[in-house]
Each structure stands twice: as structure tokens, then as C-alpha cells.
Amino acid sequence: MECIEILDSDEEAANNAQAPPESDDEVEIVGGAPAPALPDSQDSEVQILDDAADLSEGAQAKLLKSLLAEKQQLAQQVASLQKKTGDAKRAKRPVYWRRDGDGKRLPDDAGVDEKLLVELTPGSDEYESVAARLQSRGLPDANISSIKRCVNDHLWAPYAARREAMARRASSSDEDRVWRSDVLPGVLNEAENPVCLPDANPCRERYLFHGAAPSTIDCILDENVDFRLSQITGAMGACAYFADQSSYSDQYCRMPDHSALVRHRHAGTAARPQDALKMLVCRVLLGECGRGQPGLRRPPAIGGSGRLNDSVSNNPDTVDDCASQGSMYGVFDNAQVYPEYVIEYKRDYGGGGGGRFAAAPRAPPRRAR
């Protein structure tokens, strides 16, 4: 073990200077502590003290100034990295998320750290597309009070990643894909934009309805669907259910709050006819779709391949039919769901129809949810 002594004078230090040890042996400091190492690029003076515990006021000030400068530099580096991370997240967002309901530019960090609900303006393309979807698919008497777009990066990031992974698996290509649904605002009119064609939408992303009690809808906008509340005895197993008809999901908007125990799910207070309701219009990645049945905890395998389907349905053949009526679909992974729009509405019972569209056929009720 080598020892380095604190010397009494500069002359003695010069006479006894030694080269740094070349081995990895432990070095013991005798008589005080060494000065902190400085970067090679900085010129520095070595001050040898009689008492290593004392520093002059000037040395203390110089050390403090150096530490503060280093702290400031590290803070700037952290801020730069955070900005790059935020920019990368926002780059994957739908283009129309940059604007509010009136078309005004939103702050760049909107929805990054917490959920943002953007209220849409009646008459805008985005608002009208969502309203038309609700009313033309079974609820012509729906009296819509508001439609809001949910911007939540905590839910969008895993969804976008899963969508890219499913697309690469289906097309065997690593090329960046431009998603038509991320460019045009609102719910696409599939009759004009066939987004479910395999070459345009290999992961079969569709806009589907999801109904639940208003308080449950609020939780979904924060945390996504809670699969712990799904019943394995459901018509398609313990999955999250979505419908192509708003009239079907409307039944579940009137159910008691899911916070009640599952076995006492009807013990809560169901919505009354005059109560305001909430329904979600979600992006759902259906991918390869198999037939659902009670008892499933995950999608069934695809034939004899051993690979699992991505989703289930009561009618899997309709997965590519964006104009399907009466089909319900289920997924077993939150990353395949993004709750993009929440509609608040009331029903105009017996009022001759408050909407502008004819009602679509009602889907058959399922046994459990």
C-alpha cells in the first residue's frame, strides 16, 4: 500500500514528487483528503494545505461556483432529454390532436403528463363524424350534449407501439407507416375510406362503441379498461367488449357502477331514463380474430399454429367489414384499446326521434359482461 503525505511546503513537495502508481493497488491518504479530480480539459492549480480540513474563503467560493455551474449544466441536459422524449411521443400522435375544438393550436405538452379532454365544437368535421356514428348506428333519438376527445399519452403510447408491432408482423416490413386514421379528424367514414383493407390497415384498427356507467367511463379515460372486472362466464370470456352498434352499448351505459362487487353487480343504482349517459368511441386493434366463447381468459389459437388470435368475436368473419351490424368484439389486452371520444347524451324516448338517421338493427343481448 502506498501513502501520500500532506507536505509542509512547496519546496518539499517538489523534492519528493513521485510518479502516479501504475498498479491498481489501494492508495491511502495520510493527513487529509485529496482535492476532487477535474476534467483533463480544465487547467487547475493544486493547493497543498497544512490542514486539509481547512479551505480559504476564496477556495470555498471557487468550489461552490464550480458545483453550481455543474448543477446548472446537468439540469440543462436533463431538460433537453425530456424535451426530446416529449417530441418523440408527440410525433406519433394523430395530427389533428394538435388543435382544440375551435381549431386553435394546443400547447406542445398537452396530454403528456396528464389526461386532457378537448371539447369539440358542434358543426366541425370531427364533431359531426362522431355524432353521425352514434346516431346512425342505433340511437337516432340521442340528444347529444357534448363530445370530447381524450388526449392521454399514458394510454396512447402503448397503443401506438402495439399497432406498429402488429402491422410489422402482418406485412413483414419495418417501413414507417402513415395511418390514415391519424391524419383525418374524427371517426372515419369507412364507406369512403376503407381502412380495414389488409394493405391499408393490416392490424384491423376499427372504431367501436363501449358502454358503461358514467363513473366507470371516467376511470377508463384515465386508466383504460380494467380487465379485473371482466367475467370469465361472459359470452366471449374475460375480455373487454366492444360493439359496432351504439344501440347495443347503450344498454350497458345504464348498468350500475362497476365499482360494485362483480357478484353483486346489479346492487348499485342503474341509470334512469332521464339521466345523462356516457359512451366511448374507441380505437380497437382486432388483428387476427377468432370466435369467442364463455371460459376464455385469452384469445384462442389460430388453427394448429399455436399462435394466438388477437381478438374474438361472435362473428369473426365481419372483422374486415366496417359496415357490419350486430357484431361484438373482445380483446384481452389494454394495449389494443384507445378510448378516443367520450359522448355525453340523453335519450329522447317517444319523442319521434331527435336524431337525423334511421335506427340500425339492435344487436342480440349477451349473457354477461
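Predicted model: local features only at pLDDT ≥ 70, side-chain atom pairs only at ≥ 80, totals over all residues.
## Overall architecture

The chain has 369 residues, of which 41% are buried.

Among contacts with a separation of 6 or more, 75% are between residues 24 or more positions apart. The accessible surface of the chain is about 20900 Å², and carbon and sulfur atoms contribute 50% of that area.

## Nonpolar cores

The largest nonpolar core has 55 residues, and the members that touch the most others are Ile147, Phe242 and Tyr345. Strand E7 supplies the largest share of this core, with 7 residues.

The surroundings of Phe242 can be described in detail. Beyond its neighbours within four places in sequence, Phe242 contacts Leu208, Phe209, His210, Val225, Cys282, Val284, Ser327, Met328, Tyr329, Val331 and Val337.

In the whole structure, 16 salt bridges are found. One of them joins the side chains of Asp153 and Arg93, with an N to O distance of 3.1 Å. Asp153 belongs to helix H4 (residues 153–171), whereas Arg93 is in the loop between helix H2 (57–91) and strand E3 (116–119), so this pair ties together parts that are 60 residues apart in sequence. Asp153 and Arg93 are both buried.

Another salt bridge is formed by the side chains of Lys115 and Asp222, at 3.0 Å from N to O. The pair links distant parts of the chain, 107 residues apart: Lys115 is in the loop between H2 and E3, and Asp222 is in helix H5 (residues 214–223). Lys115 is partly exposed, at 27% relative accessible area, and Asp222 is also partly exposed, at 40% relative accessibility. Both values fall in the partly exposed class because buried means under 20% and exposed means over 50%.

Arg204 is in the loop between H4 and strand E5 (205–211), while Glu288 is in the loop between strand E7 (277–285) and strand E8 (289–291), so the pair ties together parts that are 84 residues apart in sequence. The two partners fall into separate accessibility classes: Arg204 is buried, at 16% relative accessibility, and Glu288 is partly exposed, at 33%.

Salt bridges with shared partners also connect Arg163, Asp182, Glu205, Arg283 and Glu340 in one network.

Arg133 is located in helix H3 (residues 125–136). With a relative accessibility of 7%, Arg133 counts as buried, because the cut-off for burial is under 20% relative accessible area. The side chain of Arg133 reaches the backbone oxygen of Tyr207, at a distance of 3.3 Å.

## A nonpolar surface patch

On the surface, Val95, Val183 and Leu184 form a nonpolar patch, and together these residues have about 200 Å² of accessible area. Leu184 is in the loop between H4 and E5. At 32% relative accessibility, Leu184 counts as partly exposed; this value meets the requirement for patch members, which is over 30% relative accessible area.

Note on methods: Residues numbered from 1 in each chain as written. Heavy atoms only, no water. Salt bridge = Lys/Arg side-chain N within 4 Å of Asp/Glu carboxyl O. Helix = DSSP H or I, 4+ residues; strand = E, 2+ residues; numbered from the N terminus. Buried < 20%, exposed > 50% of the residue type's maximum accessible area, 1.4 Å probe, protein only. Polar contact = N/O pair within 3.5 Å; in protein donor to acceptor, adjacent residues only side chain to side chain. Patch = residues over 30% accessible without salt bridge, like charges linked within 9 Å, V, L, I, M, F, W, Y side chains within 5 Å. Areas by Shrake-Rupley, 256 points an atom, 1.4 Å probe, with all protein chains shown as cover. Contact = heavy atoms within 4.5 Å. Core = buried A, V, L, I, M, F, W, Y, C linked by side-chain atoms within 4.5 Å.
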